[in-house]
Amino acid sequence: MPRRVQVIGAHSADFVWRAGGAVAKAVELGGTAEVIALSYGERGESGELWKQEGQTVENVKRIRHAEAEAAAGHLGASFRCLDLGDYPLEIDGDRLLEIADERVPLQVEARCWCGARATHNARVVNGEVTYEGETVVVGDTSRTVGTPLFGDVVRYELLCRRHFRDGDLGR
Ligand SMILES: [Zn+2]
């Protein structure tokens, strides 16, 4: 059982019957759970609320938020809604990626151009790997590559031990 469970549902109450058991179990086992709703379902599945005189979208959302938050709280989970709309639900790819990024830290391993694990940050001066001299640039970006520094073009490239030793930049 994962230590952290994230449930993403289209509407604010979907998790109750779709994933309520999994959320309760994860929390019972010492994990944490977060429920994210894409929409409050303020139009398609809030029919009863719309029977009230003078009802507004904002009020339906407020009520739906309170209900979902209370239900999630009973299960030991937090709740938040992205409020992306209902009929139509406009899925915002950037926001979904933000959620994915904040919850799934990416373990990156630096690689040499040959595919081997990079163990050296080679200092490349005028296109040649150099092994001496002061480190005056600690990181390169596309903006600085090609910009002469004291007359030289200095950049850094991650290489495996063999290609660092051979000064082989793979081109
Ligand atoms: Zn290599």
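Biologist: Which strands stand at the edges of the open sheet?

Modeller: The sheet is open and has three strands in the order β1-β2-β3, with parallel pairing. The strands at the edges each have a single partner strand, so one side of each is left without a neighbour in the sheet. They are β1 (4–11) and β3 (77–81).

Biologist: At about what angle to β3 does helix α3 run?

Modeller: Helix α3 covers residues 57–75 and lies across β2 and β3. Helix α2 (residues 20–28) lies across β1, β2 and β3 and runs at about 160° to β1. For α3 against β3, the angle is about 160°.

Biologist: Is Phe 15 buried or exposed?

Modeller: Phe 15 lies in helix α1, residues 14–18. Beyond its neighbours within four places in sequence, Phe 15 is in contact with residues including Val 7, Val 23 and Val 35. A residue needs 20 or more other C-beta atoms within 10 Å to be called buried. Because Phe 15 has 24 C-beta neighbours inside 10 Å, it counts as buried.

Biologist: Which element of the protein has the lowest mean pLDDT?

Modeller: The mean pLDDT of the protein is 85, and 85% of its residues reach 70 or more. Where pLDDT is low, the predicted coordinates should not be read in detail. Among the elements, α3 has the highest mean, 96. The lowest, 61, belongs to strand β6 (residues 148–149).

Key. Residues are numbered from 1 along each chain as its sequence is written. This is a predicted model: local features need pLDDT of at least 70, side-chain atom pairs count only at pLDDT 80 or more; totals for chains, interfaces and linings use all residues. Two strands pair if DSSP finds at least two bridges between them. Helices (H or I, at least four residues) and strands (E, at least two) are DSSP runs, numbered from the N terminus. Two residues are in contact if their C-beta atoms, placed from the backbone, lie within 7 Å. Axes are lines fitted to C-alpha atoms, for helices over the stretch in contact, and angles run from 0 to 180 degrees between N-to-C directions. pLDDT is the predictor's confidence in each residue, from 0 to 100. A residue is buried if 20 or more other C-beta atoms lie within 10 Å of its own, exposed if 12 or fewer, and partly exposed in between; C-beta atoms are placed from the backbone.
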